[in-house]
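Colleague: I would like to learn how to read a few features of a model. Could we go through them one at a time?

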Amino acid sequence: MNRAPLIFLGVFLALAFSWTGIVLVNQIAYGSLTPIYDENESKAFPEPMPGIVKRGELVYQDLGCVYCHTQQVRRPGYGSDIERGWGERGSVARDYIYENRVMLGTMRTGPDLRNIGARQSDETWHLLHLYDPQLTSRGSVMPPYRFLFEMRKIVGEPSPDAISIPTTYTDGVAVPAHSIPAEGYEVVPTARAKALVAYLIQRKDTYGFPEAFKLHHEKAEEEDAADSEEEGN
Amino acid sequence: MASAPSIAQSLDPATSATSVSRAELSEIDASTKAPALFFLISSVLWLLAGTVFALISSFKLHNPEFMGDWEWMTFGRARTAHLNTVIFGWSVNAAFAVAFWLMARLSRSVLRHPKLLFVAGAFWNIGVSIGVFGIMRGDSNSIEWLEMPAYATPLLFVAYALVGAWAIITFRFGKSQHIYVSQWYIMAALFWFPWLYSIAQMMLIFEPARGTVQALVNWWFAHNVLGLWFTPIGLGAVYYFLPKVLGKPIHSYYLSVLGFWSLAFFYNWAGVHHLIGGPVPAWVQTAGIAASFMMVVPVVVTAINHHMTMVGSFGALKYSPTLRFIVFGAVSYTLTSLQGSSMAIRSWAEVTHFTHYTVGHAHWGMYAFFTMVMFGSIYYILPRLLLKEWPSAALITAHFWATAIGILIYVAALSIGGVEQGLALNDVDNYPIFLDIVEMTKRYLVTRSLAGILITVGHIAFAVNFAWMLFKSRSTEASAPTLFRNPESMEIAR
């Protein structure tokens, strides 16, 4: 019984140790990273997120996209994210400073989305993909997000926002009737769908921060060292 | 405090020591009855809810059109609802019940102010309900393990503070001179969790940290919930029930102390291994990897202790359902922890990271270890609270085999599928098209759903037995399946 204070002290120190090391030290070290101003382009990077992109981030968050998609390109030497074309460089901490919620993710049921805007910038493609992923990616296990769209009766002029839904998938199988608007109806994306697409299209880290460059440089040096070792043998 | 003499004190002085000790224990058990029952009933209800969410999310992964038009049940929300119901609903409720029941018994102290625990229980369950509802309507934070919206969490925190305060009171007024290893674990867990939870909440939700510091806080919390809350409660239960049911002391007191301290000091750095290769400082990742390796120490030490205690007594598995579940859990703890350490090896992490392998690992730990240990504990505790036996031995057997086989298939499918997926993801030359990799994993996802159905069958058997037990009359004592044989020969009074 009288050893209880001693046990308590140990128990306290154990967690304090990791809290200091993982949380506190890093918060102090890089918790307030700032953008870098590039004189050649006369603007700062990363670029701030416009309002619609911020709203899209919230949609991404509330639908739980993070559970199937990561948003981090691993540095060279860790997997083959770059070879797969998921980014020109590994992600660095500075890429994330404007994000309310850093959704790095831990699962790749779907592809990495950190640079989806660079790979696919077509708004209509994204809208179709959200409406029914099978339309653009046959065989995908992504759920449809038809609830982000309205099936609306056309009154007067058709809406300029309406998207046209193909009647067959890419493999020739007919799209289910309930997905295709009936005569006199149209499929119109809601504000949430548009915001989400705006967010996705803005996902691209194309600016090369010095620290990102350093990561690649280190990797290249490692490879050189490995190569010369092999030659030596 | 002057109080009426306890039953033990009022016994004839000539009564044997064992009987006095038994009377004392049953008095302590009786004092925990009402709140423990409340937590256990809540936990079983949440287990069923969590199972439904689990099945729905699992089906959705290979059949995306299943409930495809219902926003509240879209995969990102159903999966999250599953995690939060099984973690905060089932696991924490069960952990609370087991932890304070054990604490009262080990401290040899009747439960004071049980009404306090009712308030805690009500707050906790209302908080979880609001939280899960919030997730389903779209207020999720999308931070793994911290999805519940900010309006639910203060309730949970108050509830937790009450349970923690209560545990200290029980310990403080305890009569036992010796601190048993289970008490170490439970006390530490009760202290660690609110710290983790409040810091993580503050830094992520109320005053968010910027940039990838968020990810560090996230994994510092999420992984430590497993290691510093569920693991100690689970191990505490194993350390109590294993020797208790077998009627012999734990193999080595020294090893249990070593196991405790090495867990305390190594586990809490290991969470960073979820960020290997990611945009966080390399030295933290390295520290996380090192800590994951060091975890081999507490795991092996604990394994030796558990399994050496078990050696020579495997025959008892036939008779005691508690022992069956506890031993299954203890073995799973050893294996899943070693697997966890191996996953920090860089070349292996490169393959398994971001794949279904991780999901398999998580279920091996949280289900095959923790949940199975909780099942075993409940099979022991409930008869002592209600003073009657489980109504059906057949249902217990069904529960055990369905869940045990189910989780083994589950883990095997996701482990194999995950490795295949990871190798393909890294092999751009042979698998340039992402959808081909998706197609490849589908068969494993279907297998996972089938395993899930089997596990569900086990849960239904358990819930039916549980409800039956609550409502049956006390007279039918014929089958006595909790121990399957005369308790006198197996139990020792501690």
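Colleague: Which helix of chain B gives the most to the nonpolar patch?

Modeller: First the ground rules. This is a predicted model, in which local features need pLDDT of at least 70 and side-chain atom pairs count only at pLDDT 80 or more, while totals for chains, interfaces and linings use all residues. Residues are numbered from 1 along each chain as its sequence is written, chains are lettered from A and ligands numbered from 1 in the order in which they are written, and side-chain values use heavy atoms, with hydrogens and water left out.

Modeller: The answer is helix α10 (residues 296–310) of chain B, with four residues; helices (H or I, at least four residues) and strands (E, at least two) are DSSP runs, numbered from the N terminus. A patch is made of residues with over 30% relative accessible area and no salt bridge, joined within 9 Å for like charges and within 5 Å for nonpolar side chains (Val, Leu, Ile, Met, Phe, Trp, Tyr). Areas come from the Shrake-Rupley method with a 1.4 Å probe, and for residues only the protein chains shown count as cover. Here Val296(B), Val300(B), Ile304(B), Met308(B), Val311(B), Phe314(B) and Leu338(B) make a patch of about 550 Å². Val311(B) is in the loop between α10 and α11 of chain B.

Colleague: How are two packed helices described?

Modeller: By the angle between their axes and the distance between the axes. Axes are lines fitted to C-alpha atoms, for helices over the stretch in contact, and angles run from 0 to 180 degrees between N-to-C directions. In chain B, the axes of α11 (residues 321–342) and α13 (residues 356–386) come within 8 Å and cross at roughly 155 degrees. That makes α11(B) roughly antiparallel to α13(B); angles under 35 degrees count as roughly parallel, over 145 as roughly antiparallel, 65 to 115 as roughly perpendicular and the rest as oblique. Their contact has 14 nonpolar, 10 polar and no charged residues, where Ala, Val, Leu, Ile, Met, Phe, Trp, Tyr, Cys and Pro count as nonpolar, Asp, Glu, Lys and Arg as charged, and the others, Gly among them, as polar.

Colleague: At what angle do α1 of chain A and α8 of chain B cross?

Modeller: Helix α1(A) (residues 4–30) and helix α8(B) (residues 253–266) cross at roughly 30 degrees, with axes within 8 Å. They are therefore roughly parallel to each other.

Colleague: How many salt bridges are there over all chains?

Modeller: Side chains of opposite charge can pair when their charged atoms come close. With a salt bridge taken as a side-chain nitrogen of Lys or Arg within 4 Å of a carboxyl oxygen of Asp or Glu, the count is 23. One of them joins Arg94(A) and Glu211(A) at 2.9 Å, N to O. That pair links distant parts of the chain, 117 residues apart.

Colleague: Which peptide bond is cis?

Modeller: The bond from Phe45(A) to Pro46(A), with omega near -5 degrees. Pro46(A) sits in the loop between β2 (43–45) and α2 (51–62) of chain A.
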